[in-house]
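Thanks for coming. I will take a few minutes to walk through one model, starting with the sheet and ending with the charged pairs.

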Amino acid sequence: MNTKFDIDLTNKVVVITGAGGVICGAIARELAASAAKIALLDLNKPAADLVADDINASGGCAVAYECNVLDKQSIQTVHDKIVSELGLCDILINGAGGNNPRATTDNEFCVLGEQVDKDFFALDEKGVSFVFDLNFIGTFLPTQVFAKDMLARKGCSILNISSMNAYTPLTKIPAYSAAKAGISNFTQWLAVHFAKAGIRVNAIAPGFFVTNQNRALLFDKDGNPTARTNKILNATPMGRFGEVEELFGATKLLLSEHEASFITGVVIPIDGGFSAYSGV
């Protein structure tokens, strides 16, 4: 008999940043099906609205909020609305993040004599800062605001979204890789810091999933896989991209007050074996 792993989040308030994206939107829908009340935070509110509409149409409870995770006052304002409309935050999922072309090199390797438009030395400082801030500061600030709700309350936890880049950096994207490594390290720091305050802090590290942000890098305009896609799949022992539904099990495990009561400070790779493969 095939039974679905599920958890009971009845009356729990789950705050998700970056909730208009493919991965966090899917996680939001899944947790809403576990009876959680979902607060969907995104700078792109129309994208979060679509997720909220989907959840509410299915009988769940979700509210979308426009929020800039790089502006603490914006986060605080949204926090106060959430407390008024849904209640204190029980679970925070820090999903806001991403890369930017200004922080991406054109070449994988520095080859003497080779001319490229944008090598390491031509990377834009402001672009690198933006990527680092979006991923790290965009996790730091929401945690500062929402973790206060969790102090001395039972069953509260934080889930960060790290990446396989945190284990082994991918070529071309130094800022994103470094920022996600910071997220994994910060997850461990927070887990220790909040251990005696009753807040568990963990992370998942997705491997390669097709999202709106990376689709153009993985497939050409005709839908054919790019050379980078071929390299990715050749380095993934399972030989395919992940499906967002394959993130749900680890996510729900880490958020489960009962099943994960002694789990804190871990980062779980969900990557089809990518992190275990040496290439030979």
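**The sheet and its helices**

Helix 3 lies across strand 1 (13–17), strand 2 and strand 3, and runs at about 160° to strand 3. Helices (H or I, at least four residues) and strands (E, at least two) are DSSP runs, numbered from the N terminus. Axes are lines fitted to C-alpha atoms, for helices over the stretch in contact, and angles run from 0 to 180 degrees between N-to-C directions. Contact means heavy atoms within 4.5 Å.

Before going on, this is a predicted model: local features need pLDDT of at least 70, side-chain atom pairs count only at pLDDT 80 or more, and totals for chains, interfaces and linings use all residues. Residues are numbered from 1 along each chain as its sequence is written, and side-chain values use heavy atoms, with hydrogens and water left out.

In what order do the seven strands form the open sheet? The order is 3-2-1-4-5-6-7, with parallel pairing; two strands pair if DSSP finds at least two bridges between them. Strand 3 (61–66) and strand 7 (267–270) stand at the edges with a single partner strand each, so one side of each has no neighbour in the sheet. From one strand to the next, the twist averages 20°. Helix 2 also packs on this sheet, where it touches strand 2 (37–42) and strand 3, and its direction makes about 175° with that of strand 3. Strands 4 and 5 are joined in the parallel sense by four bridges, and Leu92 has Ile158 in strand 5 as its bridge partner.

Now the charged pairs. The structure holds twelve salt bridges, meaning a side-chain nitrogen of Lys or Arg within 4 Å of a carboxyl oxygen of Asp or Glu. One of them joins Arg29 to Asp54, with the closest N and O atoms 2.6 Å apart. Arg29 lies in helix 1 (residues 22–32) and Asp54 in helix 2 (residues 45–57), so this pair ties together parts 25 residues apart in sequence.

Another salt bridge is between Arg153 and Asp90, again with 2.6 Å between the closest N and O atoms. Arg153 is in the loop between helix 4 (125–150) and strand 5 (156–161), and Asp90 in the loop between helix 3 (72–85) and strand 4 (91–94), 63 residues apart. Is Asp90 buried or exposed? Asp90 is buried, at 6% relative accessible area, while Arg153 is partly exposed at 26%. Buried means under 20%, exposed over 50%, partly exposed in between (1.4 Å probe, protein chains only).
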